Amino acid sequence: MFKKLKRIIRIYFKYFMNSAKIHFYYNDMFMVLFGCLARDSVAVISIYFITQRFFDIGGWAMDELLFLYSLLYLSYGLSMLFFAGGRSVEEDISTGTFDRYLVTPMSVFFQSVVAKVDLLTSASYCILGIALFKYASDSVGIFWDSRKIIILILSLIGGMLIQSALMLIGSILAFWTVKSGNVRFILFFNIRSFSIYPINIYPKIVRFILTFILPFAFANFYPAQYILGKDGIEASETLFAFGSLGVGIIVFLIVYAFWRVGIKNYKSSGN
């Protein structure tokens, strides 16, 4: 087991280095990174202008919203470092590239999802996430004790798994439909946009979906709510704050099981 894990890490590191070498070779790393930073900063700027007009949203001030957003950015940055291939499963299937993974002596899931490192997107989200996290933490004046540090670590790992799994589930539908981009966009990007803001501003049905169906709230809202010490936290929400990693593992295993079913039903596109 240890030897297998060591081999996977070694192979992943080679993919990581290849991703970096490609950008160094074409000398476009800094231009692409600048473009990614500019693109990913738009949502942050929009939060600033909204809070300038309304002062707070659902009892959350601008600095608290930025902290909420930083957790989402950091976990997504980690997702792009380890599971970026979840975005391109549909393309691999429609172009026939996926067939290549089936005839190599390595896990199909690893090749298709894990080994596709998106170094610059990951760097962009992590840079912005760290900057927002540092600014918001200092502005709000968070007192970091051991419990809050544990919740932060659990939320980042759990958020990475949650976002990776929910990004992948839309792509997996391509095993049956070949094209599933619109479904993936709705299930992931459109629904995730709700978690930019505190979920207490939404109707109960939306809060239920973001907690129990597509649990983006575990990636940032419940951990941030506890770490910031927001008033009126219920006992269940305190428990949810520690639940990010557990929810992430459960969701990821469910999606992986769905992946295995999709593999069994896969038929080559013939390209």
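Which residues does Phe216 touch, not counting residues up to four places away in sequence?

1. Basis of the note. The model is predicted: local features need pLDDT of at least 70, side-chain atom pairs count only at pLDDT 80 or more, and totals for chains, interfaces and linings use all residues. Residues are numbered from 1 along each chain as its sequence is written, and side-chain values use heavy atoms, with hydrogens and water left out.

2. Phe216. With residues up to four places away in sequence not counted, Phe216 touches Ile162, Gln163, Leu166, Leu187, Phe188, Ile191, Arg192, Ser195 and Leu210; contact means heavy atoms within 4.5 Å. Phe216 lies in the loop between H11 and helix H12 (221–227); helices are DSSP runs (H or I, at least four residues), numbered from the N terminus. Phe216 counts as buried because its relative accessibility is 0%; buried means under 20% relative accessible area, exposed over 50%, and partly exposed in between (1.4 Å probe, protein chains only). The C-alpha atoms of Phe216 and Arg192 are separated by 6.5 Å, although the two are 24 residues apart along the chain.

3. The core. The largest nonpolar core has 81 residues, and Leu210 is among those with the most contacts inside it. Such a core is a set of buried Ala, Val, Leu, Ile, Met, Phe, Trp, Tyr and Cys residues joined through side-chain atoms within 4.5 Å. Leu210 touches, among others beyond four places in sequence, Ile191, Phe194, Ile199 and Tyr202.

4. Aromatic pairs. The structure holds 26 aromatic pairs. Rings of Phe, Tyr and Trp (its six-membered ring) pair if their centres lie within 6.5 Å; planes under 30 degrees apart count as stacked, over 60 as edge-to-face and the rest as tilted. The Phe212 and Phe240 rings are edge-to-face, because their centres are 6.1 Å apart and their planes stand at 80 degrees. This pair links distant parts of the chain, with Phe212 in helix H11 (residues 204–213) and Phe240 in helix H13 (residues 235–241). Phe212 is exposed at 52% relative accessibility, whereas Phe240 is buried at 18%.

5. Charges over rings. The charged end of Arg192 sits over the ring of Tyr76, 4.5 Å from its centre. Lys230 lies over the face of Trp60, at 5.1 Å from the ring centre. The criterion is NZ of Lys or CZ of Arg within 6 Å of the ring centre and within 35 degrees of the ring normal.

Methods:
Helix = DSSP H or I, 4+ residues; strand = E, 2+ residues; numbered from the N terminus.
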